[in-house]
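Open your viewer and get ready to select a few residues. We will take a short walk, one stop at a time.

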Amino acid sequence: MNSMLPTPSSDALAHSRRVVAHVHALLEEAGGWIPFSRFMDAVLYAPGLGYYAAGTAKFGAAGDFVTAPEMTPLFGRTLAHAIAPVLRETDGELLELGGGTGRLAADVLTELDALGAQPTRYRILEVSADLRARQQQTVAAAPPRLASRVEWLDALPERFSGVILGNEVLDALPAELVHWMADGPRLRGVVRKGDGFAWADRPIADGALRARAAALALAPGYVSEINPAAEALVASLAQRLAHGLILMIDYGFGAGEYYHPQRDMGTLRVHYRHRALDDPFHLPGLCDLTAHVDFSAIARAGSTGGLELAGYTSQASFLLNSGLTELLMRTAPEHAAAYLPQANAVQRLVSPAEMGELFKVIGLSRGALAPLPAFTRNDRRHAL
């Protein structure tokens, strides 16, 4: 184990060993090999074991990463300004995919209330029982008139009219790993090696995935991700969206940048105690695994589902276009104890060296909607 990393507790190590045993059992059932997407799904979502399914801390100083809603309430309040016009033009429903700690829901609802644009209902689709409990606790602390609008779902609604929000959702969906070789692409999978795991490549059995990989025509030795699960989610949302907007916020690129010749080791990352690692086999069940988003593929999935590309831009542009600076200035700079933490968080959200440029925002819509001010400046649809 890397001596430079924080040492997990004995209980945490025991939990990781249970996750490893679970994956070993999956491998045995599958004949000794599973695609990486299956490995990623198991270590993140296996009931009672996976990273998002167990009760370990994930967000904040005690966790493995910090998301924008945890950094400052200004993120959710700014989102509220961006989506309020759409709520007024539709049936006013709001659906959040993967609600984190519930902080985003609380902040969005508070600001929408101030704007007089409360959603008819705020639904959260959450697969983790642990996170759902945290969300319920966070939302319960809001005023009753706001908290009463929130309900939790186990599956997507059949029909929807309003706004669907997904903040750092697509990057956590299990991705396929592909290894391009001289004689064509191979699907990268996982085998058992002693008490751990190792890589093993096999021919791509799925015809659609094989065609996608071959069309990219990447150089031999190139390894990267293709994420049919993310595209399938967008397609499923498109089927259900009768009128309104899907807004996805995540780190990623358009296809030209995603599969740049210099990005030949892909975008797969491991997050453990605020450190980014390259080894996805490190402490399974205790680490978050993510892959950057190919926003060209997301836009294509939306178009195939009959949606319009409402906009695509950097997180910095989206938030600044939506009034982030004006919201920050509600706190007087001379009140340093209140202002400085918020100003520092805003800097992280919009700085090109931090989240401002790496994170992107894509909007997919159905039905007549007024142009969204959030996408009016620095629209990057041409990059998709």
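Before you click, keep in mind that this is a predicted model. Start by selecting Arg-186, which sits in strand E7 (residues 184-193). Show its side chain together with that of Asp-183: the two make a polar contact at 2.8 Å. Now display what surrounds Arg-186. Leaving out residues up to four places away in sequence, Arg-186 touches Leu-177, Val-178, His-179 and Met-181, and also Asp-201, Arg-202, Pro-203 and Ile-204.

Next, move to helix H9, residues 228-240. At the start of H9, zoom in on Asn-227, where a side-chain oxygen comes to within 3.1 Å of the backbone nitrogen of Ala-229.

Now colour the buried residues of H9: Ala-230, Glu-231, Leu-233, Val-234, Ser-236, Leu-237, Ala-238 and Arg-240.

For the last stop, pick Val-234 within H9. Is Val-234 buried or exposed? Its relative accessible area is 1%, so Val-234 counts as buried, the cut-off being under 20%. Setting aside neighbours within four places in sequence, you will find Val-234 in contact with Ile-298, Ala-301, Gly-302 and Leu-364. Finally, draw a line from the C-alpha atom of Val-234 to that of Leu-369: these residues are 135 apart along the chain, and the two atoms are separated by 19 Å.

Technical notes. Residues numbered from 1 in each chain as written. Predicted model: local features only at pLDDT ≥ 70, side-chain atom pairs only at ≥ 80, totals over all residues. Heavy atoms only, no water. Helix = DSSP H or I, 4+ residues; strand = E, 2+ residues; numbered from the N terminus. Expected span 1.5 Å × (residues − 1). Buried < 20%, exposed > 50% of the residue type's maximum accessible area, 1.4 Å probe, protein only. Polar contact = N/O pair within 3.5 Å; in protein donor to acceptor, adjacent residues only side chain to side chain. Contact = heavy atoms within 4.5 Å.
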